[in-house]
Amino acid sequence: MSTPMVDVRGVHKSYGPLEVLRGVDLTVRPGEVTVIIGPSGSGKSTLLRSINHLEKIDCGYVAIDGELVGYRRSGDRLYELRERDILRRRTQIGFVFQNFHLFPHLTVRENVTEAPISAQGRPRDEAEALAAELLEQVGLSDKAGAYPRQLSGGQQQRVAIARALALRPKVVLFDEPTSALDPELVGEVLEVMKALARSGTTMIVVTHEIGLAREVADTVVFMDAGQVIEHGPPRQVLDQPRHDRTRAFLSKVL
Amino acid sequence: MAVNALVTNPAWDWPVVGAYLFHPSVLHAVLFTVELTALGIVLGFLLGTVLALMRLSRVPLLASAAWGYVWLFRSVPLILQLLFWYNLAALYKQISFGVPFGPAFFSVDSMDLIGPVTAAALGLALHQAAYAAEIVRGGFLSVDPGQLEAAAALGIPRARQIFRIQLPQAMRSIVPAAGNEIIGLVKGTSVVYIMALPELFYQVQVIYNRNGRVIAMLLVAAIWYLVLTTVLSVVQHHVERRFGRGLARTLPPTPLERARRILTVRRAARRQGPAWDGGGRR
Ligand SMILES: Nc1ncnc2c1ncn2[C@@H]1O[C@H](COP(=O)(O)OP(=O)(O)OP(=O)(O)O)[C@@H](O)[C@H]1O
Ligand SMILES: [Mg+2]
């Protein structure tokens, strides 16, 4: 068996007295799509943010392709990396936010080329060629010169996906990528994500779109109260859930 | 009627105003005022930006040093500070370079090092920096934290996060406040008259003390202050447009464009006859 692309082990995270993650394990193999579902406040966002070290974890570790994120190991102790090294390792992880967080003062093209140029040191023409390719992939070739505010929500989120892909990341994390969209715009973003999943991109997606989970997920993970309650292929978790809590949650969203 | 009184009442002395408006000594004073303002603003905002970044940094020592600076320089009146720097220069007439309490290697006249002009520019800049720091800091705080998060998630280096992602967006709120400060300083430079520096306000006083035409000379100064602030307001408008790029769906028109648009609409309305409410917007 190959090394997992994403390996999350025994992750704990508290905000003050509130324990948000209580020992989470998660393994994602290269090319796999994992969909995380669960009720509000169960810690899904916190888990995603811990994976690329936007949140510091209290205990446990996260490794991408065998390399720790945010820490280095010395003996059996972990030390936090310097900010510069953390930033470098983050370029291996794409992140798509619920509210897009595009840079409003930069054009679509500049949004996509910014990180490859400044974080990875790619030459501008190479970065621009890549951006053109990615914008075509998300169906926005004609919008390269536009500013984010001139686009619809669905278009903005597709740009955000192109921006995340421009780093050529080993894994792309999506935190409720369609939740901020009007219902008629959800479809276009889901289409892009499905195509991405089929092309063999390793993805972890937090979503309430059960349809997406059914269609492209290799694994569905149900989280509640900071723990993984159950995980398995979509047919099993979505159609024959073993736990009452999963059943109760699904009866509400389906 | 009021306008009529303004133009015809001989007390206003319009011929004298005309005679002195472009008088060389007045022009020099205007230039000096512009210089002092520019020095005060440029140095003030440079130092202010450094102070703001210090306060926003995660290093407690830097943050508290910057806080202390702002506290001190916002507390002491500008006029007091100016007199302080000026007299400090006068107090230590000689500044010696050498081993403390030992032989002096060489010494310079402190009036050369801190002459009245330097003292004035320094005072204005140090004072301005405290306000600029707060304006710049406020600008950074006005940027959606999600922007920084997105930049961090993309692995963009820290300095680049600040200058490429945050600062341009912070400028949206910095520019109007900075515009206020600059215009305030144009007029604020008049306080350096207490150091007998030939800026605009001091210069017109010198002239009316000689010729007794107080109202006329004050009008000369007022006209120049109006001209300077008008120019600055136009510049500010264009700078705001520059940093508004991408932040509104369409850029607001420049005053010239707006005037042209209103004219076209009027003409079209006249041609079409009935009223048509096509104002500034689409
Ligand atoms: N910065 C923070 N400080 C304190 N508490 C926080 C913070 N961030 C999140 N929390 C708390 O942690 C818990 C988990 O939050 P999280 O955002 O991970 O949930 P979620 O599963 O993503 O929920 P949702 O579906 O609503 O997005 C919540 O109870 C939330 O209030
Ligand atoms: Mg969430």
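This is a predicted model: local features need pLDDT of at least 70, side-chain atom pairs count only at pLDDT 80 or more; totals for chains, interfaces and linings use all residues.
Reader: What does the secondary structure of chain B come to?

Author: From the N terminus on, the elements of chain B run α-α-α-α-α-β-β-α-α-α-α-α-α-α. Counted by type, the secondary structure of chain B comes to twelve helices and two strands.

Reader: How many residues of the contact of α3(B) with α7(B) are nonpolar?

Author: Helix α3(B) passes α7(B) in a right-handed crossing. The residues of this contact include five polar and three charged ones, while the number of nonpolar residues is 24.

Reader: Is B:L43 buried, partly exposed or exposed?

Author: B:L43 is found in helix α3 of chain B. Not counting residues up to four places away in sequence, B:L43 touches B:A38 and B:A125. Its relative accessible area is 41%, and the limits are under 20% for buried and over 50% for exposed. B:L43 is therefore partly exposed.

Reader: How far apart in space are B:L43 and B:I174, C-alpha to C-alpha?

Author: In sequence, B:L43 and B:I174 are 131 residues apart. In space, their C-alpha to C-alpha separation is 16 Å.

Reader: Are α10(B) and α11(B) roughly parallel or roughly antiparallel to each other?

Author: Helix α10 (residues 200–211) and helix α11 (residues 214–243) of chain B pack with their axes 9 Å apart, at an angle of about 160 degrees. Angles over 145 degrees count as roughly antiparallel. Helices α10(B) and α11(B) are therefore roughly antiparallel.

Reader: How many residues of the contact of α10(B) with α11(B) are nonpolar?

Author: On the side of α10(B), the residues include B:F201 and B:Y208, and on the side of α11(B) they include B:M217 and B:W224. The contact has one polar residue and no charged ones, and its nonpolar residues number eleven.

Reader: Which strands of chain A stand at the edges of the open sheet?

Author: The sheet has six strands in the order β8-β9-β10-β3-β11-β12, with mixed pairing. An edge strand has a single partner, so one side of it is left without a neighbour in the sheet. In chain A these strands are β8 (93–96) and β12 (227–232).

Reader: Which residue in β12(A) stands opposite A:F222?

Author: Strand β11 (residues 219–224) of chain A pairs with β12(A) in the antiparallel sense over five bridges. Opposite A:F222, the residue in β12(A) is A:E230.

Reader: In the hairpin of β1(A) and β2(A), which residue takes a positive phi?

Author: Strand β1 (residues 6–15) and strand β2 (residues 18–28) of chain A run antiparallel and are joined by eight bridges. Across this pairing, A:V8 stands opposite A:L26. The hairpin has two residues between the strands, and the residue with a positive phi near 60 degrees is A:G16.

Methods: Residues are numbered from 1 along each chain as its sequence is written. Chains are lettered from A and ligands numbered from 1 in the order in which they are written. Side-chain values use heavy atoms; hydrogens and water are left out. A crossing is left-handed if the near helix is turned anticlockwise from the far one by less than a right angle, and right-handed if clockwise. Helices (H or I, at least four residues) and strands (E, at least two) are DSSP runs, numbered from the N terminus. Ala, Val, Leu, Ile, Met, Phe, Trp, Tyr, Cys and Pro count as nonpolar, Asp, Glu, Lys and Arg as charged, and the others, Gly among them, as polar. Buried means under 20% relative accessible area, exposed over 50%, partly exposed in between (1.4 Å probe, protein chains only). Contact means heavy atoms within 4.5 Å. Axes are lines fitted to C-alpha atoms, for helices over the stretch in contact, and angles run from 0 to 180 degrees between N-to-C directions. Angles under 35 degrees count as roughly parallel, over 145 as roughly antiparallel, 65 to 115 as roughly perpendicular and the rest as oblique. Two strands pair if DSSP finds at least two bridges between them.
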